[in-house]
Amino acid sequence: MSSITAPVCGGILSNPDISGPGVRIALYLQSLLSVLLVRVSPKDAPGAYWSMTSTALSLIISSIVTSTQKAISLLDAIVVVYVLLLPVLASAFGLSEIMTPSSPKNSMRSVHSPLLIVANWMRSAFTYSFAIYVWMTAPTFGSGPPECNEATRLIFFGASLPALRSGRILMLSVWGLFTLLFIWRTLRGFKTIFIAFQALFSSSASQALLKPKHPPKNEVHREVVTRVNFTTGETTQTNRLFRPKQIFHELLQGLASQILDWAPSGSGRWYRVYGKTILIVILAAWAVIMTELELIRNPVAENPNGQWGFGQILPLVLTISPLFSLYESILARRSSGPKGETRILRFSIRGATGLQRPQCELDPYPLEVIETIPEEKVKEMRAPSPFAVITIDEREMYTTFEQYDTTDPDWDESFDVTLGDLSTVVIRIFDRKCIDRNWPSFIGFTTILPFALLPPPRDDESTDTLSERPSSVVKVDIPLVREGITVSGMSVSISLSTDTHNPPSLPVVPPRLHEEVNHVQRRVGLIKIGNKKYGRKKETTTRVYDYPLD
């Protein structure tokens with residue numbers, strides 16, 4: 001009687017262009033240098049993000065193409081999934097610097113392009129698609145043969161699992177959950193993604209990203225905060241009026257970005273400066289260890305670390321680019337002289353005068369026809385519904401509420417912003433009517449150097465810091481520019497103040513209170529020893545008023 005012997009894998013074939021030492025080391029170095037570059041020079045965060053996003057997309061697309069050609073093994077695909085975490089984490093770190101405002105408690109938001117929204121979504125879509133594809137087709141994946149796929153081991157937190165049994169079930173569960181979360185985020189932000197895709201090819205579509213996703217509520221909130229210090233017996237109270245924050249089309253952050261943004265102490269300065277760096281290093285170290293263990297503990301036909309050809313040396317040489325960028329950033333900081341002081345100012349956009357619509361419904365008609373229309377109607381049609389976008393160093397932006405059918409809007413909106421000595425503020429004004437009709441909507445702009453407008457300190461104040469000097473307020477009217485020409489009679493009014501002790505507030509109390517709308521929040525930390533009390537209490541009371549928009 002003859003017996004049939006099951007085929008035995010003589011050794012798993014590994015593609016050196018994927019698992020070779022030069023390729024792996026180059027990816028490790030590029031990811032590390034990108035994180036260091038963002039940490040040393042935050043202004044280079046966009047460049048680091050695009051570099052690592054391109055690396056991630058190139059790695060995924062190359063793996064998909066070679067897998068369809070049966071040119072990589074299941075082991076190579078597992079290595080790709082692990083290695084892919086490095087550029088994904090590095091790009092998420094750069095993205096967190098782009099998206100994080102300098103003052104997290106104000107209503108500023110980050111400046112980003114439609115391409116950033118699309119690229120971030122595509123990177124996540126390709127990542128999840130490739131991971132699911134690998135594990136769904138694991139028994140017959142790649143160059144095989146099937147007995148070598150059967151012999152492949154998945155190394156997960158040091159445990160060696162059979163890749164086609166428990167390892168496959170584990171990975172399908174993990175990546176399936178991540179994919180479902182990604183689909184849920186995509187469905188919630190589908191409109192934003194769709195508009196961003198359109199904005200890549202249409203200037204009118206890009207204007208849609210300027211307006212809020214939903215009409216603003218006709219409410220104003222009065223917030224009264226009472227603080228009690230039980231130790232000293234001191235009681236302080238502050239109050240402010242504010243409108244609910246407008247919701248705009250924002251970037252759909254991936255899972256890695258959300259992990260970096262989450263922490264119990266994530267709002268503290270220490271976490272913002274060092275916490276994300278430590279967290280990203282821990283996650284990256286885990287990915288590197290899992291990658292190396294995957295190659296060491298699998299029966300590879302030929303040692304991948306001994307293959308040093310052209311395909312291994314070239315990626316290592318290409319790491320010179322991020323290394324030069326990091327070194328250039330360090331040299332620039334040394335040669336730029338003493339670092340400018342960062343200070344907080346209160347920026348108020350008071351209003352504008354003489355605004356003109358860039359395009360109007362009456363433009364095609366002759367004067368004889370326009371004269372037959374009632375004067376009030378003509379005035380309303382020619383008046384814009386303006387809103388202002390204030391951009392700080394082209395990184396952060398604040399958008400005012402729109403005012404309906406007026407050439408002289410009265411916004412009176414304030415916000416606190418962190419500025420350096422060389423910071424530049426750009427005010428751009430747009431017409432919401434033109435945006436809704438897909439017409440050119442830009443009315444005009446002006447550029448401001450805030451600290452050039454503030455008066456210099458007196459001789460007796462020269463040694464004090466800005467926060468210790470007596471507060472000063474500067475109010476200026478600045479003409480607007482359109483198409484390189486200063487437009488006569490069209491200007492914007494702003495004010496700058498060094499007094500930021502109390503939160504920004506609207507200047508006028510709304511007259512009518514909503515019924516039964518009163519929110520109270522209390523936070524108490526109290527320790528009682530004998531007859532003495534130690535600790536603090538904070539009570540926040542919010543009342544909601546009507547705010548007529550018409």
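Start with Glu 223 and its neighbours: leaving aside residues up to four places away in sequence, Glu 223 touches Thr 238, Asn 239, Arg 240, Phe 242, Thr 540, Thr 541 and Thr 542, where a contact means heavy atoms within 4.5 Å. Glu 223 sits in strand 4, residues 219-229. Strands here are DSSP runs of E with at least two residues, helices are runs of H or I with at least four, and both are numbered from the N terminus. With a relative accessible area of 19%, Glu 223 is buried; the cut-offs are under 20% for buried, over 50% for exposed and partly exposed in between, using a 1.4 Å probe and protein chains only.

A word on what you're looking at: this is a predicted model, in which local features need pLDDT of at least 70 and side-chain atom pairs count only at pLDDT 80 or more, while totals for chains, interfaces and linings use all residues. Residues are numbered from 1 along each chain as its sequence is written, and side-chain values use heavy atoms, with hydrogens and water left out.

Now zoom out. The protein has 17 helices and 15 strands, and 45% of its 550 residues are buried. Of the contacts with a separation of 6 or more, 74% are between residues 24 or more positions apart. The protein exposes about 29400 Å², and 59% of that comes from carbon and sulfur atoms; the areas are Shrake-Rupley values with a 1.4 Å probe, and for residues only the protein chains shown count as cover.

Helix 5 (residues 114-136) and helix 7 (residues 166-188) pack at about 150°, their axes 9 Å apart. That makes the two helices roughly antiparallel. The axes are lines fitted to C-alpha atoms, for helices over the stretch in contact, with angles from 0 to 180 degrees between N-to-C directions. Under 35 degrees counts as roughly parallel, over 145 as roughly antiparallel, 65 to 115 as roughly perpendicular, and the rest as oblique. Nonpolar covers Ala, Val, Leu, Ile, Met, Phe, Trp, Tyr, Cys and Pro, charged covers Asp, Glu, Lys and Arg, and the others, Gly among them, are polar.

Helix 5 also packs against helix 8 (residues 190-199), at an angle of about 120° with the axes 8 Å apart. The pair is therefore oblique. Here Pro 114, Ile 117, Val 118 and Trp 121 in helix 5 meet Thr 192, Ile 193, Ala 196, Phe 197 and Ala 199 in helix 8. This contact divides into 8 nonpolar, 1 polar and no charged residues.

Finally, a few loops. Ala 71, between helix 3 (45-68) and helix 4 (74-99), is partly exposed at 36% relative accessibility. Ala 71 and Asn 15 are 56 residues apart in sequence, yet their C-alpha atoms are 7.8 Å apart. Phe 157, in the loop between strand 2 (153-156) and strand 3 (159-162), has a positive phi near 55° without being a glycine; Phe 157 is exposed, at 58% relative accessible area. Asn 438, in the loop between helix 16 (432-436) and strand 11 (442-448), isn't a glycine either, and its phi is positive at about 60°. Asn 438 is exposed, with 51% relative accessible area.
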